[in-house]
Amino acid sequence: MSEQAPWSRADFEAQLRGKEIHYHIHHPYHIEMAAGRLSREQIQGWVANRFYYQVMIPVKDANILANCPDRDTRRLWIQRIRDHDGDEADAGGIEAWTHLGEAVGIPREELWSQKRALPGVRFAVDAYVNFARHASWQEAACSSLTEMFAPTIHKQRLAGWPDLYPWIDQEGLAYFRKRVSQASRDVEHGLAITLEHFRTREQQERAVAILQFKLDVLWTMLDAMWLAYIDGKPPYFNVTAR
């Protein structure tokens, strides 16, 4: 049996972008959030758990850099770490998320303690970091392509939250404003790596599967939050405290 012909670059990109249907903007938790139907506690739960993801992003990117022998790629990719960890010119995305936590009523110390992070969220995020640690740097770069879909969700929050959740200090939304442009820039680089590296049909299908894995990570995080904060069934909810 002959091998399937590879997709053209345009068709390959279309296959990747078609995965938007599984982006977590379509998860019921985000649907409820976008409709203004989440309580203060449910918003806080999302912000606190997503913080675990935020602090692990530069760890993920550091693993990609450690596996990447190409200097030109490293020079570009390292900007992602600066974006989150910050530098002398900008405090960075993790600090911006900390301000979001404070804007929704979570004290800095409590947010940074990560004591609200659910086990399911930790497992999902750690799986993503471990993938980046052990995969090839090109495969790990491909997994970042969920950022293709991110500007839409950031714009949705910026447009809706001031009216839907007026109790949230709008200064806390700075993270979303910054990520609209940063994510678009990152996509350009990550997509170029993916389209260039994955050439055969088998490789291209592998890339699509990797992107699906990352989408699974984001979706699973929200599944854990839904169970805890919407259904009211946090971990060990049915076990009597001893």
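Visitor: Among contacts between residues at least 6 apart in sequence, what percentage joins residues at least 24 apart?
Guide: The model is predicted, so local features need pLDDT of at least 70 and side-chain atom pairs pLDDT 80 or more, while totals for chains, interfaces and linings use all residues. Residues are numbered from 1 along each chain as its sequence is written, and side-chain values use heavy atoms, without hydrogens and water. Taking a contact as heavy atoms within 4.5 Å, the share in the protein chain that joins residues at least 24 apart is 79%.

Visitor: How many helices does the protein chain have?
Guide: Helices (H or I, at least four residues) and strands (E, at least two) are DSSP runs, numbered from the N terminus. The protein chain has zero strands, and its helices number eleven.

Visitor: What is the radius of gyration of the protein chain?
Guide: The C-alpha atoms fill a box of roughly 60 × 45 × 40 Å along the principal axes. For 242 residues, a compact globule would have a radius near 18 Å, by the rule of 2.2 Å times the number of residues to the power 0.38, over C-alpha atoms. The value for the protein chain agrees with this: 19 Å.

Visitor: Is Asp163 buried or exposed?
Guide: Asp163 lies in helix 9, residues 150–164. Buried means under 20% relative accessible area, exposed over 50%, and partly exposed in between (1.4 Å probe, protein chains only). Because its relative accessibility is 66%, Asp163 counts as exposed.

Visitor: What distance separates the C-alpha atoms of Asp163 and Gly36?
Guide: Along the chain, Asp163 and Gly36 are 127 residues apart. Their C-alpha atoms are separated by 8.6 Å.
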